[in-house]
Amino acid sequence: MPDGLSGIEKLRADALYLYNAAIKAVDGRRCVAAVLGRLPMHGPIHLVAIGKAAAAMTEGACQVVDGGIASGLVITKHGHACEDRQHDGRFTVLESDHPIPGKASLEAGVSLLRFLEAAPADARFLFLLSGGASSLVEVLPASVTFADYQRANTWLLGSGLDIHRINAVRKQLSMIKGGKLRRSLRGRDARCLLISDVPGDDPASIGSGLLVAEDNSYLDHLGSDLPDWLQSCM
């Protein structure tokens with residue numbers, strides 16, 4: 001940091017230094033490339049990246065194992081797509097809705113299930129998950145309408161509940177969250193790399209735990225915090 005600063009200038013410089021260091025530490029491309037450099041995967045690999053950092057994480061994987069990637073599905077928020085992969089015939093790149101899930105989120109959920117279904121019986125999957133995945137992709141049970149789902153997410157985001165409890169409710173309204181997506185793997189091999197945006201870094205809370213077995217313990221502490229109409233949806 002520059003010398004000769006004093007007072008508010010030094011505080012500002014310190015804050016910017018810490019901010020930039022934190023951003024660098026969780027850079028999706030750098031993090032994924034570093035892990036796959038230490039723990040390599042060998043192709044053919046079928047890549048699934050979901051989250052606000054999905055594009056960067058995908059580029060990290062391509063940096064290390066590009067030739068081994070047979071197919072890929074990238075789901076990220078509007079305006080965050082990776083242009084290089086949009087022109088790569090191996091990849092399907094989708095932009096979806098965040099922070100409130102929309103029709104694009106349900107379309108992304110259909111695409112996700114179709115991608116997993118189409119992969120070979122001996123496929124090896126690499127999942128790259130980051131914050132925002134809870135909103136970006138969804139498959140609803142028949143008992144939950146889209147209108148109720150949007151209403152629930154709008155209420156949850158303004159409820160003041162912590163992210164663990166918010167995601168505990170989201171899991172109850174989903175056919176893929178809380179580890180339910182694992183059924184679509186049908187026993188095939190998968191590695192999952194995650195960038196956490198939740199306190200405690202619990203894999204069950206990152207993206208509402210698409211591949212992590214459901215944990216209902218957070219629901220036990222909600223009590224009467226949920227409105228009746230939301231409880232009736234669960």
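1. In what follows, buried means under 20% relative accessible area, exposed means over 50%, and partly exposed lies in between, with a 1.4 Å probe and protein chains only. Ser174 is buried on this scale, because its relative accessible area is 3%. The model is predicted, and local features need pLDDT of at least 70, side-chain atom pairs count only at pLDDT 80 or more, and totals for chains, interfaces and linings use all residues. Residues are numbered from 1 along each chain as its sequence is written, and side-chain values use heavy atoms, with hydrogens and water left out.

2. Ser174 is found in the loop between α8 and β5; helices (H or I, at least four residues) and strands (E, at least two) are DSSP runs, numbered from the N terminus. Setting aside residues up to four places away in sequence, Ser174 touches Glu138, Val139, Pro141 and Lys180, where contact means heavy atoms within 4.5 Å. The C-alpha atoms of Ser174 and Met234 are separated by 9.4 Å, although these residues are 60 residues apart along the chain.

3. Glu138, one of the residues touched by Ser174, also forms a salt bridge with Lys177, with the closest N and O atoms 2.6 Å apart; a salt bridge is a side-chain nitrogen of Lys or Arg within 4 Å of a carboxyl oxygen of Asp or Glu. Glu138 lies in the loop between α6 (133–136) and α7, and Lys177 in the loop between α8 and β5, so the pair ties together parts that are 39 residues apart in sequence. Both partners count as buried, Glu138 at 1% relative accessibility and Lys177 with a relative accessible area of 0%.

4. Arg90 forms a salt bridge with Asp88, the closest N and O atoms being 2.7 Å apart. Arg90 is partly exposed, with a relative accessible area of 24%, whereas Asp88 counts as buried at 14% relative accessibility. Salt bridges that share partners join Glu59, Asp66, Arg85, Asp88 and Arg90 into one network.

5. Turning to the sheet, 5 strands form an open sheet with parallel pairing, in the order β3-β2-β1-β4-β5; two strands pair if DSSP finds at least two bridges between them. β3 (91–96) and β5 (189–194) stand at the edges, each with a single partner strand, so one side of each is left without a neighbour in the sheet. Neighbouring strands are turned by 10 degrees against each other on average, direction ignored.

6. Strand β4 (residues 124–129) pairs with β5 in the parallel sense over 6 bridges, and 6 bridges also join β1 to β4, which run parallel. Leu129 stands opposite Leu194 in β5, the bridge partner of Leu128 in β5 is Leu193, and Leu47 stands opposite Leu126 in β4. β4 is mostly covered, with 5 of its 6 residues buried.

7. Helix α3 (residues 54–65) lies across β1 (45–50), β2 (69–77), β3, β4 and β5, and runs at about 160 degrees to β2. Axes are lines fitted to C-alpha atoms, for helices over the stretch in contact, and angles run from 0 to 180 degrees between N-to-C directions.

8. The axes of α7 and helix α8 (residues 163–172) come within 10 Å and cross at roughly 170 degrees. The two helices are therefore roughly antiparallel to each other, given that angles under 35 degrees count as roughly parallel, over 145 as roughly antiparallel, 65 to 115 as roughly perpendicular and the rest as oblique. Asn153, Leu156 and Leu157 in α7 meet Ile166, Val169 and Arg170 in α8.

9. Asn153 is placed in helix α7 (residues 146–157) and counts as buried at 1% relative accessibility. Leaving out residues up to four places away in sequence, Asn153 touches Ile100, Pro101 and Arg170.
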